Amino acid sequence: MKKYVITVKEDNRILAMGKKLDYMDNGYPRLVEENVAFPIDLVDVYGPVEVPEEVEPEKYCYDGTDFTLNPNYEEPEYQ
């Protein structure tokens, strides 16, 4: 499925993904359906790109070309 992908500039970690994107008056990209905006100086915006089904925010990184597992990701501990 094609989505917009928002990543952290410093490590390419995926913060969020969504089907629709617009920009707020201050220039921040906003995922419309989630109604979440991101500071443009801290993130990169890609898309729409074909996102593999298994890709999840935080668990994966995206560099504009490839999706890779985040080497720093740890599964949350449920109690």
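Aspartate 11 has a relative accessible area of 30%, so it counts as partly exposed. Keep in mind that the model is a predicted one.

Q: What makes aspartate 11 and arginine 13 a salt bridge?
A: The closest N and O atoms of the two are 3.2 Å apart, and the cut-off is within 4 Å. That puts the pair inside the rule.

Q: Which residues are linked in a network of salt bridges?
A: Asp11, Arg13 and Glu58 are. Arginine 13 bridges to aspartate 11 and to glutamate 58.

Q: What makes glutamate 75 and lysine 59 a salt bridge, and what does the pair tie together?
A: Their closest N and O atoms are 3.4 Å apart, against a limit of 4 Å. Glutamate 75 is in the segment after strand 8 (67–69) and lysine 59 in the loop between strand 6 and strand 7, so the pair ties together parts 16 residues apart in sequence. Glutamate 75 is at 52% relative accessibility, and exposed means over 50%, so glutamate 75 counts as exposed. Lysine 59, at 22%, is partly exposed.

Q: Why is threonine 7 called buried?
A: Its relative accessibility is 0%, so it counts as buried. Threonine 7 belongs to strand 1 (residues 2–8). Leaving aside neighbours within four places in sequence, its contacts include Arg13, Leu42, Tyr46 and Tyr62.

Q: Why is the pair of tyrosine 46 and tyrosine 62 called edge-to-face?
A: The planes are at 90 degrees, and over 60 counts as edge-to-face. The centres are 5.1 Å apart, while the pairing limit is 6.5 Å. Tyrosine 46 is in strand 6 (residues 43–50) and tyrosine 62 in strand 7 (residues 60–62), so the pair ties together parts that are 16 residues apart in sequence. Both tyrosines are buried.

Q: What makes the pair of tyrosine 62 and phenylalanine 67 stacked?
A: The planes are at 25 degrees and the centres 4.2 Å apart, so this pair is stacked; the cut-off is under 30 degrees. Tyr46, Tyr62 and Phe67 form one aromatic cluster.

Q: Why do strand 3 and strand 5 count as edges?
A: The open sheet has three strands in the order 3-4-5, with antiparallel pairing. Strand 3 (21–23) and strand 5 (36–37) each have a single partner strand, so one side of each is left without a neighbour in the sheet.

Q: How do you know that strand 3 and strand 4 pair?
A: Three bridges join strand 3 and strand 4 (residues 29–31) in the antiparallel sense, and pairing takes at least two. Leucine 21, for one, has leucine 31 as its bridge partner in strand 4.

Q: What makes the protein as compact as a globular protein of its length?
A: The protein has eight strands and zero helices. Its radius of gyration is 13 Å, close to the 12 Å that the globule rule gives for 79 residues, so it is as compact as a globular protein of that length.

Note on methods. Residues are numbered from 1 along each chain as its sequence is written. This is a predicted model: local features need pLDDT of at least 70, side-chain atom pairs count only at pLDDT 80 or more; totals for chains, interfaces and linings use all residues. Side-chain values use heavy atoms; hydrogens and water are left out. Helices (H or I, at least four residues) and strands (E, at least two) are DSSP runs, numbered from the N terminus. Rings of Phe, Tyr and Trp (its six-membered ring) pair if their centres lie within 6.5 Å; planes under 30 degrees apart count as stacked, over 60 as edge-to-face and the rest as tilted. Buried means under 20% relative accessible area, exposed over 50%, partly exposed in between (1.4 Å probe, protein chains only). The radius of gyration is taken over C-alpha atoms; the globule rule is 2.2 Å times the number of residues to the power 0.38. Contact means heavy atoms within 4.5 Å. A salt bridge is a side-chain nitrogen of Lys or Arg within 4 Å of a carboxyl oxygen of Asp or Glu.
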